[in-house]
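The coordinates under discussion are shown first.

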Amino acid sequence: MTLQSVSKSFGTGPTSVVALRDVSMTFPQGTFTALMGPSGSGKSTFMHCAAGLERPDVGAVYLAGADITKMSERRLTVFRRDNMGFVFQSFNLLPSLTARQNITLPFLLNGRRADRKWVDEIVERMGLTERMSHLPAELSGGQQQRVSIARALVTRPQVIFADEPTGALDTRTGTGILHLLRETVDVYGRTLIMVTHDPRAAAYADRVVFLVDGGIVDEMRSPTVERTSAWLSRSDV
Amino acid sequence: MLRLALRSVSTRKARFAGSLLAIALAVTVITAGGVLLQSALTGDRGSPRFDAVTLIVTGNSHLPVASVNGQAIDAGADPVGDGLPPPRLPLAVAKRVAQVSGVREVVPDVSVYSQVVKVGEPSSIVNADGAMRGHGWSSSRLTPYRLRDGHPPVSPDEIVLDGRFAARKGLGTGDSADVVTAVDGTRRYRVVGVADPATPGPSHATAVFFTDQTAARLSGDPTRVDAIAVFAESHEDVTRLASRVRDAAGDGTLVLTDTSQAEPSADSGAYVATTAFLGIMSAVAGFVAIFVVAGTFSLLVVQRRRETAVLRAVGATGGQVRRMIAAEALVVSAIALAVGVPAGLMLSRPLASLLVTLGVAPTGFHPVYGAVPVIVAAVAGIGLTQLAAFTAAGRAARVRPTEALRESAAPPRRLSRLRTLAGFAFAALSAFIVANGIATGGNKGSGDVFVVSFTLMVTATLLGPMVTARVARLVAPLIAVLGRGQGFLAAANSKANPWRIASASTPITLAVTFTCIMIFMPQTVQKLTLRESQLRIQADHVLVSADGQGLPSAVTRDVARLPGVSAVAATTPIPVRLGMGGAGGPVPTRTLMALAVVPAQVTALLDLDVKVGRLSALTDDGIAASSAAAREHGWRVGDRLPVGLPDGTRRELHLVATYDRSLGLSDVLVPADLAARHAPQALATAIYVKGETAEGLNALTKTHPTLITLSRSAYLAQMKQSSDAQTTAVYLFIMLIGLYTAISVMNMLAAATAARAREFAALRLAGSTRRQVLTMVGGEALITVAVGVFLGTLIAATTLVSSSLALTRTPVFAAPPQVYLTIVATAVVLGLAATLFPAGMAVRLRAISVIGARE
């Protein structure tokens, strides 16, 4: 996945706010990138643009050889369904569907049959085999987040976006979730882009990209908790 | 998609229960209304007086009056004329028909107003008997009637009575009875026999039989008959015979194979009134249903905004979201139909008997079950929900997937440009309707203006959030009284989120508008009528009839002879058929009840506020019209109007004057001479008398048993009372529609409040007590109700004032404060209960568990 000179601002006239300024970045296949930065640094907008949820004002976003900024709303939706997965901070499971139905929801929307073996494999890896017929309300926070990771994986997408995936979880549960996210990269070869505030979460990534005021200011390979924390406190976040 | 929808409905039972209830109630109302309306439309079985007859020939009331500028006049729908007996026929037609092969016998039938009164009976009792019709004895074979006792009438003073009537009055063979007729006034007859119809049934006017000669004389014109009954030879093909008879009878006649349609049944007027009443009530209920169902669905979609965003983020297209909502609507409406249709069918029986009890519907009125109302309810139920879902889904499909990623659920919204434009278009349309209605004036103008309540309702709904924000700002300072903190929060919430207030206040606006209009509109018309009548009536006494049919001209004559009487004026309604609309274009004709008056008399006793021309010119070929009617149809004083008179004669009459004070009187006046020649059977509805003659008038009631004498003030008081009785029925149905609206209001408010459990929990965690949260919610509810009541009152007042302006050029309307305050109080109580109850449930939970729980 590649972003090329992407700019995005909100509003018009004097109240206009620039969220991204001329950002370019490549995410190689099978890598895990963490996006960090203070509030309002543009990391959410960055992710929305990369995922095609928001259209950039200028620039292009390439995935699997296609510029998604040029796609129609409908085509983009279908493209997203097949090529991108999402993991949210607040899980965002459909309350009326069981865990299994939530996981296979993309197939339901596709009108395709779910690949049973593949679903079972993911479910087993997520440790959800026993909970498949439960409604989200009957699951713990960690279990709900595992369901949403399973849902993100189920279509074998190129890229998975995770927005503060551990933000609503306690440390122990969060650690488990981060392990699972790491596995999606190591075992299944997905590209993972994660927005986070937490240096401990960022330490699971291959690299950390720091954003400030809508621009990329630094990049760190093989991050550790200490180095990331140090960087963040230096930039006075 | 259907699977997802089914799943969604079945797990979210509580949330869907509300919309299910709203739609099921809508279906119930539509089904019940449809069944009753169909029953009223088909309930009138016609008159069985000609049951023994093969064919009936009558006059044709649907004949063109004249052709204007060589253009044929359209003789289309004629609500007044269709309820009246057809025009009379020349006797020559009977002779022609008798020659037709296959006709065994022809019987000319006469039917005249003939009220039989037991000698010495006070007039107050006469009222209970209803209208009676007199016929020649040869007509007794047409039903047939069989003599139970005595013999047929032979000499001119002999009559035969209907068996049941005779039994009720304690009259029998050998007794004397007075009969009041138009031609004779009151005359004493001898009862020589009692007869019963061969098949008993209450469905035509009680009959009294004279000799054929007497009946012909009493009809006022012995050369004409009311109907010609045809008995066919046995084994004759009725259809072929009918076409031969039609050829022989010639123009201006109607040949009926269904003899029950030959004359209006005793209940036909009541059925027309019931149909009109149910029609209006069904229209209002239907309109309310549209709003309620649309509101319920848009609320449902708003509540699920976040879930929709998740679906969009996961990869559902806008179309898929739309289809999912449509499928959910289908599931919900299918269940609603299964519940609502049987409920509506069951409800129609008690409602029918209620209508009978209230005197709105005739005694025989009962629900007739048919496929049509059920189909209409099914189509309306599914159609309405699909329409509501379609508009709501359009909004849902536009939900952006990023909303799932944000933590704040409801983003600030602005009115879309299209919606704003549509809102202003409807506002402009409303202004046009008001201006146009007032310019047209009269009954038509005031009826047209009624539509403005609908268009203003739509305007208020479209521009709701914009209006609400402003009204909330006005009301908010008052709410601060509740307590500084909570009042402030309530006001801030209302300003920040006018959408919630707007959608919650819509059903209240609707309820207040319709309740006010339905109750105050008839009262306003009544008040205006009373006011005009007070100004118009210059008489000291008003004479009316006890049987509601009218008084014979003999009464007028006798009153004029009384000492002390300085002026007498009778107003005698006769149906005239008039070409409506100005020159050019097709001219529809319609029947109006014109009042026949003697111009010299009427100017002395009725101040009609003549605007153009002079009433004294209302001589032989003159006609006068109300200013409103003249304006509506483009008549000017001096115009020649083609008129069809009750005996079938066509004349051109000169418009000699237009007058303003027509309310409670009539839109058209014709000279009494003309009426006497062309409608000898007509009876006076009122006789106005000037002079100190109370005793003399009372003495007259002895010779005229149907006469009731009233002082001017007593007459005006009675006018007020009779319309009060009508409003009781309206009140009751308003209460039913109000109940339905109330349930919907509760439903919407409760759903909106329950959806805010998290917000309440946050307030609790921030240190608010339960009481404080409830006070805040109550404050918001008050603002919601205030907005609803304000808009509803505004719309109702606009409609009422415009309607009054159209009718009488005065902005007067009747709204008794106690009734209005009751409506407002009901709205406040309902609004508070519907909000505080679910809020109370929500704050009872532990705040932390609500916050912790995921949506």
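**Note on helix packing, burial and backbone features**

1. Helix α18 (residues 498-536) of chain B and helix α26 (residues 770-808) of chain B have axes that come within 7 Å and cross at roughly 30°. Axes here are lines fitted to C-alpha atoms, for helices over the stretch in contact, with angles running from 0 to 180 degrees between N-to-C directions. The crossing angle makes α18(B) roughly parallel to α26(B); angles under 35 degrees count as roughly parallel, over 145 as roughly antiparallel, 65 to 115 as roughly perpendicular and the rest as oblique. The crossing of α18(B) past α26(B) is right-handed. By class, this contact of α18(B) with α26(B) has 18 nonpolar, 12 polar and 1 charged residues. In this classification Ala, Val, Leu, Ile, Met, Phe, Trp, Tyr, Cys and Pro count as nonpolar, Asp, Glu, Lys and Arg as charged, and the others, Gly among them, as polar.

2. On provenance and conventions: this is a predicted model, in which local features need pLDDT of at least 70 and side-chain atom pairs count only at pLDDT 80 or more, while totals for chains, interfaces and linings use all residues. Residues are numbered from 1 along each chain as its sequence is written, and chains are lettered from A and ligands numbered from 1 in the order in which they are written. Helices (H or I, at least four residues) and strands (E, at least two) are DSSP runs, numbered from the N terminus.

3. The model scores ipTM 0.73 and pTM 0.72. For chain B the mean pLDDT (the predictor's confidence in each residue, from 0 to 100) is 82, and 87% of the residues reach 70 or more. Over residues 407-412 of chain B, pLDDT stays under 50, and the model has 5 contacts beyond four places in sequence for this stretch. Two residues are in contact if their C-beta atoms, placed from the backbone, lie within 7 Å. Where pLDDT is low, the predicted coordinates should not be read in detail.

4. Chain B contains 28 helices and 23 strands. Of its 855 residues, 51% count as buried. A residue is buried if 20 or more other C-beta atoms lie within 10 Å of its own, exposed if 12 or fewer, and partly exposed in between, with C-beta atoms placed from the backbone. Among the contacts in chain B with a separation of 6 or more, residues 24 or more positions apart account for 85%.

5. Helix α13 (residues 417-440) of chain B packs with two helices treated here. Its axis and that of helix α15 (residues 452-462) of chain B come within 8 Å and cross at roughly 160°. That angle makes α13(B) roughly antiparallel to α15(B). The crossing is left-handed. Residues of α13(B) in this contact include Phe426(B), Leu429(B) and Ile433(B), and those of α15(B) include Val452(B), Leu456(B) and Leu462(B). By class, the contact of α13(B) with α15(B) has 10 nonpolar, 4 polar and 1 charged residues.

6. The crossing of α13(B) and α14(B) is left-handed. Ile433(B), Val434(B) and Asn436(B) are among the α13(B) residues in the contact, and Gly442(B), Lys444(B) and Val449(B) are among those of α14(B). The residues of this contact divide into 4 nonpolar, 6 polar and 2 charged.

7. Val302(B) lies in helix α9 (residues 268-303) of chain B. Val302(B) counts as buried because 20 C-beta neighbours lie inside 10 Å. Val302(B) and Ala396(B), 94 residues apart in sequence, are 7.7 Å apart in space, C-alpha to C-alpha.

8. In helix α2 (residues 73-83) of chain A, the residues Leu76(A), Thr77(A), Arg80(A), Arg81(A) and Asn83(A) are buried. The elements that cover them include β4 (58-63), β6 (84-87), α4 (105-110) and β7 (159-163) of chain A.

9. A cis peptide bond joins Thr143(B) and Pro144(B), with omega about -5°; Pro144(B) is in the loop between β5 (132-136) and β6 (145-150) of chain B. Ala64(A), a residue other than glycine, has a positive phi near 50° and counts as exposed, with 11 C-beta neighbours inside 10 Å.

How values were computed. A crossing is left-handed if the near helix is turned anticlockwise from the far one by less than a right angle, and right-handed if clockwise.
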